[in-house]
Amino acid sequence: MKPIDVGIFLPIGNNGYLLSATSPQYMPTWTLQRDLGVAAEALGYDFLFSMSKWRGFGGATRFWDFTLDSVSVMTALAASTRRLRLIATMSPPLLHPVVAAKMAATIDEISGGRFGINIVTGSSLAEYDQMDVLPRDYDSYRYAYAAEWLTVVKRLWTEASVDFDGQFFHLRDCVSDPKPLQTPRPFLVCAGVSEQGFHFTAAEADCSFLTARTVPETRALSNRMKQIAREHGRAIKTATPMLLIIGETDADARAEHQHYVQGLDRGAIDRLYASYGGSSRPSAQARIDRTISSAAFGGQVISGSAETLANHIGFLVEGDGIDTILLMFPDYRSGIQMFAERVAPLLRERGIGALTVRP
Ligand SMILES: Cc1cc2nc3c(=O)[nH]c(=O)nc-3n(C[C@H](O)[C@H](O)[C@H](O)COP(=O)(O)O)c2cc1C
């Protein structure tokens with residue numbers, strides 16, 4: 001059986017990942033995050049993941065105008081769960097590495113060694129404008145900045161005292177104790193897809209989160225990431241996010257998806273476009289185009305019966321394909337249950353070990 005990890009992309013922004021007036025409308029309360037975490041643990045999921053977002057997109061649905069802080073939510077979940085791995089997002093320009101190193105060691109201690117960091121360099125720099133926090137020309141060296149930040153964090157995690165004179169950070173006899181529980185360190189993930197992002201991820205992360213339009217494209221990206229990691233003398237896992245719409249039949253699921261597309265929040269899309277679309281990054285435009293056609297932001301929408309979804313995921317993960325899937329749903333409470341009860345058993349029948357941990 002090929003084991004895969006299955007995680008939940010927690011809805012810490014209002015309405016989750018659908019920019020639509022006809023999808024479920026809800027606030028990202030702590031109660032919701034806790035209930036999902038506790039349920040996911042009982043159902044055998046492997047990890048929880050949350051993003052870091054500092055500015056929403058307005059529109060009729062006020063998309064992501066309400067977001068919880070990623071690290072705070074994961075800290076609370078560390079105390080509310082016992083087994084799941086917990087991945088919080090940290091953005092180097094917003095957190096001094098000395099603060100980040102201690103926060104991570106603290107959450108690793110609270111969780112008993114289950115903490116990981118998603119390192120981001122800012123997919124939309126527009127959200128940082130309100131803070132005036134970015135160093136000059138940051139966009140042109142974001143991954144060099146992240147690499148130096150991470151070097152400092154890793155040294156603080158392992159050395160008694162750190163002296164460091166870098167381009168961006170300067171430490172004198174700097175200490176950080178306790179060290180994280182995990183050895184060699186808390187795990188690291190990154191979703192960089194630019195050339196620099198790809199190389200940073202391949203050189204530093206334990207898992208790379210990738211998005212693409214189709215199964216072959218996603219598998220090709222995954223192969224390329226694994227190849228670049230090998231060139232860095234490392235092995236890396238790959239993951240992809242997906243929003244699942246599970247119906248009794250394919251037609252039911254597609255109709256549900258179409259209903260959400262019809263309710264697309266055009267006001268929020270305009271702000272999203274202004275925020276990401278003006279970017280010189282090729283990946284940004286592709287993400288917005290996908291959002292307009294699917295009403296979802298953050299990953300591909302896969303709709304269908306349980307059999308169709310199991311087939312789709314099967315094609316992604318089989319052989320040397322993707323190792324990890326990160327799931328989103330229109331309604332998370334019912335979605336995580338339906339995936340566990342209907343889709344995961346079909347994957348296991350195909351020889352794909354999804355949700356095999358029996359709590
Ligand atoms: C699953 C996933 C989660 C992400 N979470 C965040 C996030 O919380 N904050 C952020 O600024 N970017 C986030 N991103 C964007 C990536 O970090 C990255 O910036 C993007 O894929 C573009 O790649 P590049 O930075 O190499 O240009 C996420 C991407 C994916 C696929």
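Ala-295 is buried, with 27 other C-beta atoms within 10 Å, where a residue counts as buried if 20 or more other C-beta atoms, placed from the backbone, lie within 10 Å of its own, as exposed if there are 12 or fewer, and as partly exposed in between. The model is a predicted one, in which local features need pLDDT of at least 70 and side-chain atom pairs count only at pLDDT 80 or more, whereas totals for chains, interfaces and linings use all residues. Residues are numbered from 1 along each chain as its sequence is written. Ala-295 is located in the loop between helix H10 (282–294) and strand E11 (300–304), helices (H or I, at least four residues) and strands (E, at least two) being DSSP runs numbered from the N terminus. The phi of Ala-295 is positive, near 65 degrees, in a residue other than glycine. Most residues other than glycine have a negative phi, and most peptide bonds are trans.

A positive phi, of about 55 degrees, is also found at Leu-355, which is not a glycine and lies in the segment after E13. Leu-355 counts as buried, with 21 C-beta neighbours inside 10 Å. The segment after strand E13 (352–353) also holds Ala-354, which is buried with 26 other C-beta atoms within 10 Å. When neighbours within four places in sequence are left aside, Ala-354 is in contact with Ile-4, Val-6, Ala-344, Leu-347 and Arg-348, a contact requiring that the C-beta atoms of two residues, placed from the backbone, lie within 7 Å. Between Ala-354 and Lys-53, the separation is 301 residues in sequence and 29 Å in space, C-alpha to C-alpha.

Two cis peptide bonds are described next. One joins Asp-177 and Pro-178, with omega of about 5 degrees, and Pro-178 is found in the loop between strand E7 (170–174) and strand E8 (187–190). Another joins Thr-183 and Pro-184, with omega of about 0 degrees, and Pro-184 lies in the loop between E7 and E8.

Helix H1 (residues 30–43) packs with helix H12 (residues 332–349) at an angle of about 5 degrees, the axes being 10 Å apart; axes are lines fitted to C-alpha atoms, for helices over the stretch in contact, and angles run from 0 to 180 degrees between N-to-C directions. H1 and H12 are therefore roughly parallel to each other, a description applied to angles under 35 degrees, with those over 145 being roughly antiparallel, 65 to 115 roughly perpendicular and the rest oblique. Asp-35, Leu-36, Ala-39, Ala-40 and Leu-43 of H1 form the contact together with Tyr-332, Arg-333, Ile-336 and Ala-340 of H12. By class, this contact of H1 with H12 has seven nonpolar, no polar and two charged residues, where Ala, Val, Leu, Ile, Met, Phe, Trp, Tyr, Cys and Pro count as nonpolar, Asp, Glu, Lys and Arg as charged, and the others, Gly among them, as polar.

The shell around the ligand has seven nonpolar, ten polar and one charged residues. Of the 18 residues around the ligand, those that come nearest are Met-51, Ser-123, Ala-191, Ser-194 and Gly-197, a residue being near a molecule or strand if its C-beta atom, placed from the backbone, lies within 6 Å of it.

For the chain as a whole, there are twelve helices and 13 strands. Of the 359 residues of the chain, 47% count as buried, and residues 24 or more positions apart account for 74% of the contacts with a separation of 6 or more.
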